[in-house]
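I opened this model to see how its chain is put together. My notes follow in the order I looked things up.

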Amino acid sequence: MVGLRGVPCHFKEVTTASGPRLLTAVRLGAVRDTGGHAAPARILVVDDEPSIRLLCRVNLELDGHEVLEAGTLASAREAVAGEDVDLVLLDVHLRGERSDALIAECHARRPPIPVVVVTGSADVTQDRITAADAILPKPFELDALLETVRSLAHVHAPG
């Protein structure tokens, strides 16, 4: 099956008592075909804007990745501590919270978790975010998001 943007979708049709349904195979772990891309990864999207999280989730899942979401720094820390996260997509501005501290925490884990900082700030060379593995300026093109994730997710993901 092909998604809206021509990206292979990873769905499995199953028959239930109420008829056939499509289930996301990434969540089920049933299909791991990524159309020749790097192995799928578990991506944590940290942004206080639900619409940005949804945009990232849909496109990353269509690309074969499993996506977790966090709207606050506290919930992001819980996910990093409790889940096997392969990459963090981190918004710089989280309603007054300094999200840059999470970069060091992710890098301190073994193995280190790569962090992509997403920012709408004019100056992306601020000291507090230069430790990120990549910087994705807002507004970003979906292809840039996917290419950035693909290039960094393999660092931590099982292969």
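**Overall fold**

I started with contacts, meaning heavy atoms within 4.5 Å. Of the contacts in the chain with a separation of 6 or more, 61% are between residues 24 or more positions apart. The model is a predicted one: local features need pLDDT of at least 70, side-chain atom pairs count only at pLDDT 80 or more, and totals for chains, interfaces and linings use all residues. Residues are numbered from 1 along each chain as its sequence is written, and side-chain values use heavy atoms, with hydrogens and water left out.

Next I listed the secondary structure. I found five helices and nine strands in the chain. These are DSSP runs numbered from the N terminus, with helices being H or I of at least four residues and strands E of at least two. Along the sequence I read the pattern β-β-α-β-α-β-α-β-β-β-α-β-β-α.

Then I checked burial. The chain has 159 residues, and 45% of them are buried. Buried means under 20% relative accessible area, exposed over 50%, and partly exposed in between, with a 1.4 Å probe and protein chains only.

**Asp91**

I looked up Asp91 and found it in strand β5, residues 87-91. Is Asp91 buried or exposed? Asp91 counts as buried because its relative accessibility is 5%. Its side chain makes a polar contact with the side chain of Lys138 at 3.4 Å. A polar contact is a pair of N or O atoms within 3.5 Å; within protein, one must be able to donate a hydrogen and the other to accept it, and residues adjacent in sequence count only if both atoms are side-chain atoms. Leaving out residues up to four places away in sequence, I see Asp91 touching Val46, Asp47, Asp48, Ser99, Val118 and Lys138.

**The cavity**

A cavity is a set of points, on a 1 Å grid over the protein atoms alone, where a 1.4 Å probe fits but cannot get out; lining residues have an atom within 4 Å of a point. Grid points are joined across faces, edges and corners, and a volume is the space filled by probe spheres set on the points. The search gave one cavity of 30 Å³ or more. The largest cavity has a volume of about 40 Å³.

Which residues line the largest cavity? They are Val45, Val46, Asp47, Ile52, Cys56, Leu89, Leu90, Asp91, Val118 and Phe140. Strand β3 (42-46), helix α2 (50-62) and β5 each supply at least two lining residues. The largest share, three residues, comes from β5. By class I noted eight nonpolar, no polar and two charged residues. Here Ala, Val, Leu, Ile, Met, Phe, Trp, Tyr, Cys and Pro count as nonpolar, Asp, Glu, Lys and Arg as charged, and the others, Gly among them, as polar.

**Helix α2**

I picked two residues here. Arg57 lies in α2 and is buried, with a relative accessible area of 16%. Its side chain reaches the backbone oxygen of Val67 at 3.2 Å. Arg57 and Leu68 are eleven residues apart in sequence and 7.9 Å apart in space, C-alpha to C-alpha.

Asn59 also lies in α2. At 6% relative accessibility, Asn59 counts as buried. A polar atom of the Asn59 side chain lies 2.9 Å from the backbone oxygen of Leu55.

**Helix α4**

In α4, residues 100-108, I marked Asp100, Leu102, Ile103 and Cys106 as buried. Why do the buried residues line one face of the helix? Seen down the axis of α4, they fall within an arc of 145°, so they line one face. The arc is that of the directions from the helix axis to the C-beta atoms. Ala104 and Ala108 are exposed on the face turned away from the buried side. Cover for the buried residues includes α3 (73-82), β5, β7 (97-98) and β8 (115-119).

**Prolines**

Most peptide bonds are trans. I noted a cis bond joining Arg110 and Pro111, with omega about -5°. Pro111 lies in the loop between α4 and β8. Another cis bond joins Lys138 and Pro139, with omega about -10°. Pro139 is in the loop between β9 (134-137) and α5 (142-153).

Last, I checked Pro114, in the loop between α4 and β8. Pro114 counts as buried at 4% relative accessibility. The C-alpha atoms of Pro114 and Ala132 are separated by 7.5 Å, with the two residues 18 apart along the chain.

Conventions
1 Å grid on protein atoms, 1.4 Å probe; cavity = no way out; pocket = protein on both sides within 12 Å on 5 of 7 lines; lining within 4 Å.
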